[in-house]
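User: I am new to reading structures of this kind, and I would like to go through one slowly with you. Could we take a feature at a time, with the general idea before the case?

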Amino acid sequence: MSNLVTIGLIQASNEADGSESVAVHKEKAIEKHIKLIQDAAEKGAQIVCLQEIFYGPYFCTEQNAKWYDAAEEIPNGPTTSRFQALARELGIVIVLPIYEREGIATYYNTAAVIDADGSYLGKYRKHHIPQVNVGDSGNGFWEKYYFKPGNLGYPVFDTAFAKVGVYICYDRHFPEGARLLGLNGAEIVFNPSATVAGLSEYLWKLEQPAHAVANGYYVGAINRVGTEGPWNLGEFYGQSYLCDPRGSFVAMGSRDQDEVVIGTMDRDVIREVRNTWQFFRDRRPETYQEMTALLP
């Protein structure tokens with residue numbers, strides 16, 4: 001296994017208005033992202049990650065039962081199957097964030113991990129679910145209407161090219177899961193997101209480089225671009241990036257363009273940083289019990 005792995009991060013705008021049907025959104029977004037993934041593969045990407053719930057708008061800005069129809073089973077749904085075939089065809093790993101339905105009507109914000117031979121390796125379910133107002137228009141991140149908190153822990157997937165962890169959007173504000181992904185062996189953690197200017201932009205380039213440094217791994221952070229009607233949530237500001245275990249930015253996308261961001265992960269850098277900063281050796285878990293206690 002080579003120490004160098006080429007990473008592709010895909011940021012994109014949503015081209016259909018929120019008033020359109022779920023089927024229209026899925027068709028347009030899936031076709032668009034297939035082309036972007038093919039472009040990433042042509043540029044040498046070995047692992048590709050898409051943005052949070054890539055096949056439509058960020059519908060959580062409203063509370064509308066219409067969007068439950070966007071959810072699919074994983075891995076038995078049509079979108080996972082379609083991208084398994086694409087991964088097999090291109091010989092790449094795909095991290096595929098979609099809206100998951102389990103059983104009749106249980107819903108999660110999930111990412112499936114597909115290996116380079118098209119095999120389904122497993123899934124990560126978003127743990128931390130926001131319910132946050134944005135501005136005075138009544139729009140916000142109303143995710144508790146749509147998603148149950150994740151219940152599958154913090155798995156790390158041993159793909160053909162690297163050991164991959166996933167942490168979805170709002171998860172990035174919580175260092176505990178980021179540490180567990182490191183303890184579970186992640187070499188790179190992907191954070192597919194949908195986040196807007198005016199709320200979180202000042203944190204975008206702070207928190208995840210800090211996770212990378214604290215845990216000695218690479219982070220691939222993905223954010224969509226553009227504005228999405230008919231809502232007034234704000235501008236999705238892109239700037240998807242790959243950062244290394246020193247907290248340095250290896251590659252970064254534009255603020256407002258559909259784009260494939262390409263960067264290189266280097267295991268020698270991981271080893272060098274971990275040998276220098278022995279954070280895993282020096283941590284004191286026996287002193288941290290209060291972290292799991294309920295607050296008064």
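User: Where does Pro 97 lie, and is Pro 97 buried or exposed?

Analyst: In this predicted model, Pro 97 is part of strand β3, which covers residues 93–102. A residue counts as buried when its relative accessible area is under 20%, and Pro 97, at 0%, is therefore buried.

User: Which residues does Pro 97 touch, leaving aside those up to four places away in sequence?

Analyst: With those set aside, Pro 97 is in contact with Leu 50, Gln 51, Glu 52, Ile 53, Phe 54, Thr 110, Ala 111 and Pro 192. For one of these, Ala 111, there is also a C-alpha to C-alpha distance to Pro 97 of 3.8 Å, although 14 residues separate the two in sequence.

User: Which peptide bond is cis in the case of Pro 75, and where does Pro 75 lie?

Analyst: The bond that joins Ile 74 to Pro 75 is cis, with omega at about 15°, and Pro 75 is found in the loop between β2 and α2. Gly 77 also has its place in the loop between β2 and α2, and with a relative accessible area of 4% Gly 77 is buried. Between Gly 77 and Arg 101 there are 24 residues of sequence separation, and their C-alpha atoms are 9.2 Å apart in space.

User: How should I read a pair of packed helices, and how do α1 and α2 cross?

Analyst: Two packed helices are described by the angle between their axes and by the distance between those axes. For α1 (residues 22–42) and α2 (residues 78–90), the axes come within 11 Å and cross at roughly 20°. Angles under 35 degrees count as roughly parallel, and so α1 and α2 are roughly parallel to each other. Their crossing is right-handed.

User: Which residues of α1 and α2 meet?

Analyst: From α1 the contact takes in Ile 30, Glu 31, Ile 34, Ile 37, Gln 38 and Ala 41, and from α2 it takes in Thr 79, Arg 82, Phe 83, Leu 86 and Leu 90. Sorted by class, the contact of α1 with α2 holds seven nonpolar, two polar and two charged residues.

User: At what angle do the axes of α3 and α5 cross?

Analyst: The axes of α3 (residues 175–183) and α5 (residues 207–215) come within 10 Å and cross at roughly 40°, which makes α3 oblique to α5. The crossing of α3 and α5 is right-handed. Pro 175, Ala 178 and Arg 179 of α3 make the contact with His 211, Ala 214 and Asn 215 of α5, and by class the residues of this contact divide into three nonpolar, two polar and one charged.

User: Which side chain does that of His 128 join in a polar contact?

Analyst: The side chains of His 128 and Asp 171 are joined by a polar contact of 2.6 Å. His 128 sits in the loop between β5 (120–125) and β6 (131–133), and its relative accessible area of 17% makes it buried. Apart from residues up to four places away in sequence, His 128 touches Tyr 154, Tyr 167, Tyr 170, Asp 171 and Phe 174.

Technical notes:
Residues are numbered from 1 along each chain as its sequence is written. This is a predicted model: local features need pLDDT of at least 70, side-chain atom pairs count only at pLDDT 80 or more; totals for chains, interfaces and linings use all residues. Side-chain values use heavy atoms; hydrogens and water are left out. Helices (H or I, at least four residues) and strands (E, at least two) are DSSP runs, numbered from the N terminus. Buried means under 20% relative accessible area, exposed over 50%, partly exposed in between (1.4 Å probe, protein chains only). A polar contact is a pair of N or O atoms within 3.5 Å; within protein, one must be able to donate a hydrogen and the other to accept it, and residues adjacent in sequence count only if both atoms are side-chain atoms. Contact means heavy atoms within 4.5 Å. Axes are lines fitted to C-alpha atoms, for helices over the stretch in contact, and angles run from 0 to 180 degrees between N-to-C directions. Angles under 35 degrees count as roughly parallel, over 145 as roughly antiparallel, 65 to 115 as roughly perpendicular and the rest as oblique. A crossing is left-handed if the near helix is turned anticlockwise from the far one by less than a right angle, and right-handed if clockwise. Ala, Val, Leu, Ile, Met, Phe, Trp, Tyr, Cys and Pro count as nonpolar, Asp, Glu, Lys and Arg as charged, and the others, Gly among them, as polar.
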